[in-house]
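Work through the exercises below with the sequence and the model open. Try each task before reading its solution.

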Amino acid sequence: MRWMLMGTAGVALAASAALAGSAATRREPEAAPAPAVRPAEPPVQQLGPYHTYWRDDRTLWVYSALPELGMNTFLGDADKFQKMRAAGVRIARMDLPWDATMEDRPFHYTEKFYGFRWAVQNAVRQGVTPLVLVHWNHGSPRAPGLQEGTDFHARFNRRLAAYMAEAARAFPEVLFWQVWNEPDGGYWGQMWGGWDNSVQQFPRREQGRRYAATLRAVYPAIKEANPRAWVLTAGLTGTERMVPNRRGGHDVAPAVSWEFLRGMYEAGAAPYFDFMAVHSYRDVAAIGTSIRRQVEAHEGRPGRPLWLTEFGAEGSDAAQQAWWRDALDDIEAPGTPFTKAMGFTLWLGERNSLGIFNPDWTPRSTYTHLQRRDFNQRIRTQGSGRGTVRVRAPDRDPVVAFRRDGEWVEIPNVQIDGRFPTAIRFRPRG
């Protein structure tokens, strides 16, 4: 038996609107046959390496310790997901901009909402699992129909929770939902008192507390709408402050600060998300190790699954490929903090951009490298399976069959899917 210890687990804005609105020009006939789907890889019989995480006192998560590469995309055509599958990718991060898909009155959806449905269906038909990011796309983010006021943030939370619950019901095939984007950095953080024209309304720690209130509203709404869904935090940047850039905007400063994360935990966010998410366009290993230590310190236990929901590099083909090669080496290294890593991005429509395809859709060398490397080969063959799980549990017993060995329990016939944790319920001993 394998001894397993408890372990650790702009351009873009315009493109996201294109994703939400793509059906306006490319509607599939209702009776059209679904494209052929590549058969799912059969799960291996032997359980591969795994991590465990105590979600609460009575629930243990077991999930694959093998990292998985996914991809960001702003386009929902079937052939785009086919390109992902050709590189061995089976998870796609997609944008659902709240402002572009719902008009002022609640649940009155625009044509772009149904365009997004078309994109989700294309992904699923091609064997790709969507991770959906819900955010706000305009320069001065304000929830539909809301005005400034002393209770603005509370009303925003209620409306966002209602919207995400409605979306979770509308898209039951979407099992991963991400609540906003980079709230601790730049443009995206305005809703919680972050940067607006380079002015910070509240300290980072207070912003984190405000974001925790949003999670407390949104998480139960999503879970009630779809109990099978998993909820990710927004991708945190660890941004301490913003600095002017040569384009007249602002970029994150090199210094890393987790005061936003500290505020989240102080305000009780821990039960109101499943996976922690982070972004890095520099040293992915350093930021992963840094945030893992912070999360473990706040929670008092290891193992919370950590997703890298954006990473990537622009520049020449050679420079981009070299950066990706090194980043993937770090993500794949023993002891990696990352469960999933979502490359940014498939295509952006500019030369030498963050996209791994050229504007004319010819592949850049980074995409060719991904095809050759087949990063996900291990999780496809070892990430799903059945076997015995061993975990230290001196004061509690599983509700399923098990064998005790002192303070440790061994649970046979545990089945896991490489994409999701498996939950095992426990009860107090005696």
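A residue is buried when its relative accessible area is under 20%, exposed when it is over 50%, and partly exposed in between, with a 1.4 Å probe and protein chains only. Helices (H or I, at least four residues) and strands (E, at least two) are DSSP runs, numbered from the N terminus. This is a predicted model: local features need pLDDT of at least 70, side-chain atom pairs count only at pLDDT 80 or more, and totals for chains, interfaces and linings use all residues. Residues are numbered from 1 along each chain as its sequence is written, and side-chain values use heavy atoms, with hydrogens and water left out.

**Exercise 1. The chain as a whole**

Task: state how many helices and strands the protein chain has, and what share of its residues is buried.

Solution. Start with the elements: the protein chain has eleven helices and 19 strands. Next, take burial: 56% of the 430 residues count as buried. The chain exposes about 17,700 Å², and 50% of that comes from carbon and sulfur atoms. These areas come from the Shrake-Rupley method with a 1.4 Å probe; for residues, only the protein chains shown count as cover.

**Exercise 2. The antiparallel sheet**

Solution. Two strands pair if DSSP finds at least two bridges between them. Axes are lines fitted to C-alpha atoms, for helices over the stretch in contact, and angles run from 0 to 180 degrees between N-to-C directions.

Now look at β1 and β2 (residues 59-64). They share six bridges in the antiparallel sense. A hairpin of two residues joins them. Tyr50 has Ser64 in β2 as its bridge partner, and Asp56 stands opposite Thr59.

**Exercise 3. The parallel sheet**

Task: name the edge strands of the eight-strand sheet and explain why each has a side without a neighbour.

Solution. Write out the order first: β9-β6-β5-β4-β3-β14-β13-β12, an open sheet with parallel pairing. β9 (230-232) and β12 (276-280) stand at the edges; each has a single partner strand, so one side of each is left without a neighbour in the sheet. The twist averages 25 degrees from one strand to the next.

Then zoom in on β14 (residues 340-343). It pairs with β13 (residues 306-311) in the parallel sense over three bridges. Trp307 stands opposite Lys340, and Phe311 stands opposite Gly343. With β3 (residues 68-72), β14 forms four parallel bridges. Leu69 of this pair stands opposite Ala341.

Check the side chains. In a regular strand they alternate between the two faces of the sheet. In β14, Lys340 and Met342 point one way, Ala341 and Gly343 the other way, and all are buried.

**Exercise 4. Backbone exceptions**

Task: which residues are joined by a cis peptide bond, and is Trp180 buried or exposed?

Solution. Recall the background: most residues other than glycine have a negative phi, and most peptide bonds are trans. The cis bond joins Phe344 and Thr345, with omega about 5 degrees. Thr345 lies in the loop between β14 and α10 (365-373).

Trp180 has a positive phi of about 80 degrees. It sits in the loop between β6 (176-179) and β7 (195-196). At 1% relative accessibility, Trp180 is buried.

Asp374 also has a positive phi, near 50 degrees. Its loop runs between α10 and α11 (377-382). At 22% relative accessibility, Asp374 is partly exposed.

**Exercise 5. A cavity**

Task: give the volume of the second largest cavity and sort its lining residues by class.

Solution. On a 1 Å grid over the protein atoms alone, a cavity is a set of points where a 1.4 Å probe fits but cannot get out; lining residues have an atom within 4 Å of a point. The space is about 60 Å³. The lining includes Tyr63, Ser64, Trp307 and Lys340. Six lining residues are nonpolar, three polar and three charged. In this scheme Ala, Val, Leu, Ile, Met, Phe, Trp, Tyr, Cys and Pro are nonpolar, Asp, Glu, Lys and Arg are charged, and the others, Gly among them, are polar.

Conventions:
1 Å grid on protein atoms, 1.4 Å probe; cavity = no way out; pocket = protein on both sides within 12 Å on 5 of 7 lines; lining within 4 Å. Points joined across faces, edges and corners; volume = space filled by probe spheres on them.
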